[in-house]
Amino acid sequence: MSRLSNLMNLIQNENMKIYRRVGTWVMLSLVVIAVLITAIFTNMNGSDNSTEWRTQAQNSIQQSEQTLQDSEGMPKAFRDIQERTIAINEYRLAQDLPPLASDSLWSFMDNSTGIVSLIAIFTIIIGAGIIASEFSWGTIKLLLIRPATRTKILASKFIATLIFALFSLVILYVSSFVIGGLLLGFDSIDQPYLTYSGGEVSETSMAVHYIVEYALASVNLLMMVTFAFMLSSIFRSSSLAIGLSIFLMFTGSQLTFVLSQYDWVKYILFANTDLSVYFDGSPIVESMTLGFSLVTLTIYFVIFILLSWLLFTKRDVAA
């Protein structure tokens, strides 16, 4: 019990370090500001497509069918996107389900999932600096003379970083729903979401869908924050950890898509961070499964944490 209490005290101490900084509250404020700006632009640029959606759906089907005919030699992931477009549009026409208006609450919630990338950047900054700053400021010596082990110190820093990420995501989801509803209205709140998996289209709750979407979008956040945390432990440089992590976060998925024709690409981290393809689409390599991606992500996560622990607990601190 005393060990757990000691860890909780360390986590509380790390949270105090994070939230007493002005920069932390600036980051959280920027998340809400980004939501507000996105809602304003969505409201300004929205259009009513209620009378034209059938024509647009039919045109989309024809274009996707033509693309499939001309897509010989293209990656399977690209062809799957076209097949998904055809299936969903045919289902809409058959069931008389118009797509969401571009200025509806749920369309805005869909757009606001992109702000998770902004949260990832902020969390990377927190995670990369939470260790490196201790060395640059010399405060690491004060931490190490405490009775707590280095393992507990490292764990408390990582848990505090994840708490910041979770807090930011809650702020994003709540502010998106409230601001989106107030500016755009709640008219579309009961509209279903259409998913495509295994060659079939099905309906699901829009609210549940976006909770899942935010959770799935956070997988890449978790992995890149852990990666930045590892780099910070190894090199004790927040700038290197932040720069490299943000660079890979934005380029990793594009590189993986370019290499999708090779079967070995499924072992790359970024081929597995988008778990949404198993619920609404197709994986980048046909042989991939949800279980495979979860195991791959777990292996990468354990490697990142293990390297962080080894370097933080085994290396000497200069006097």
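**A buried lysine and its partner**

Guide: Start with K157, which is buried, with a relative accessible area of 0%. Keep in mind that this is a predicted model.

Visitor: Which residue does K157 form a salt bridge with?

Guide: The partner is E14, and the closest N and O atoms of the two are 3.1 Å apart. K157 sits in helix α8 and E14 in helix α1, so the pair ties together parts that are 143 residues apart in sequence.

Visitor: Is E14 buried or exposed?

Guide: E14 counts as buried, at 2% relative accessibility. The cut-off for buried is under 20%.

Visitor: What else is linked with E14 and K157 in a network of salt bridges?

Guide: K17 is linked with them. K17 forms a salt bridge with E14, with the closest N and O atoms 3.5 Å apart. Both residues lie in helix α1, three residues apart, about one turn of the helix. K17 is buried too, like E14.

Visitor: Why do residues three places apart point the same way?

Guide: An α-helix has 3.6 residues a turn, so residues three or four places apart point the same way.

Visitor: How many salt bridges does the structure hold?

Guide: Four. Another one joins D96 and R54, where the closest N and O atoms are 2.9 Å apart. D96 lies in the loop between α4 and α5, and R54 in helix α3, so this pair ties together parts that are 42 residues apart in sequence.

Visitor: What is phi of D96 near?

Guide: Near 55 degrees, which is a positive value in a residue other than glycine.

Visitor: Let me back up. How many helices and strands are there?

Guide: The protein has eleven helices and two strands. Along the sequence, the pattern is α-α-α-α-α-α-α-α-β-β-α-α-α. Of the 319 residues, 45% are buried.

Visitor: What is in the largest nonpolar core?

Guide: That core has 68 residues, and I18, I124, F164, L172 and L221 have the most contacts inside it. Helices α1, α2, α5, α6, α8, α9, α10 and α11 each supply at least two of its residues. The largest share, 14 residues, comes from α9.

Visitor: Which residues does L221 touch?

Guide: Leaving out residues up to four places away in sequence, L221 touches V116, I119, A120 and A165. Another core, of seven residues, lies apart from the largest one, and A87, I88, Y91 and Y196 are among its members.

Visitor: Now α2. What are its buried residues?

Guide: They are T24, M27, L28, V31, A34, V35, A39 and T42. The end C-alpha atoms of α2 are 34 Å apart, which agrees with the 34 Å its 24 residues should span at 1.5 Å a residue.

Visitor: Where is K266 found?

Guide: In the loop between α10 and α11. K266 is buried, with a relative accessible area of 11%. Its contacts, not counting residues up to four places away in sequence, are A271, N272, V285, S287, M288 and F292.

Visitor: And the surface: which residues form a nonpolar patch there?

Guide: V295, I299, V302, I303, L306, L307, W309 and L310, with about 640 Å² of accessible area together. I299 lies in helix α11 and counts as partly exposed at 47% relative accessibility.

Conventions:
Residues are numbered from 1 along each chain as its sequence is written. This is a predicted model: local features need pLDDT of at least 70, side-chain atom pairs count only at pLDDT 80 or more; totals for chains, interfaces and linings use all residues. Side-chain values use heavy atoms; hydrogens and water are left out. A nonpolar core is a set of buried Ala, Val, Leu, Ile, Met, Phe, Trp, Tyr and Cys residues joined through side-chain atoms within 4.5 Å. Buried means under 20% relative accessible area, exposed over 50%, partly exposed in between (1.4 Å probe, protein chains only). Helices (H or I, at least four residues) and strands (E, at least two) are DSSP runs, numbered from the N terminus. Contact means heavy atoms within 4.5 Å. Patches are made of residues with over 30% relative accessible area and no salt bridge: like charges are joined within 9 Å, nonpolar side chains (Val, Leu, Ile, Met, Phe, Trp, Tyr) within 5 Å. Accessible areas come from the Shrake-Rupley method with a 1.4 Å probe; for residues, only the protein chains shown count as cover. A salt bridge is a side-chain nitrogen of Lys or Arg within 4 Å of a carboxyl oxygen of Asp or Glu. The expected span of a helix is 1.5 Å times one less than its number of residues.
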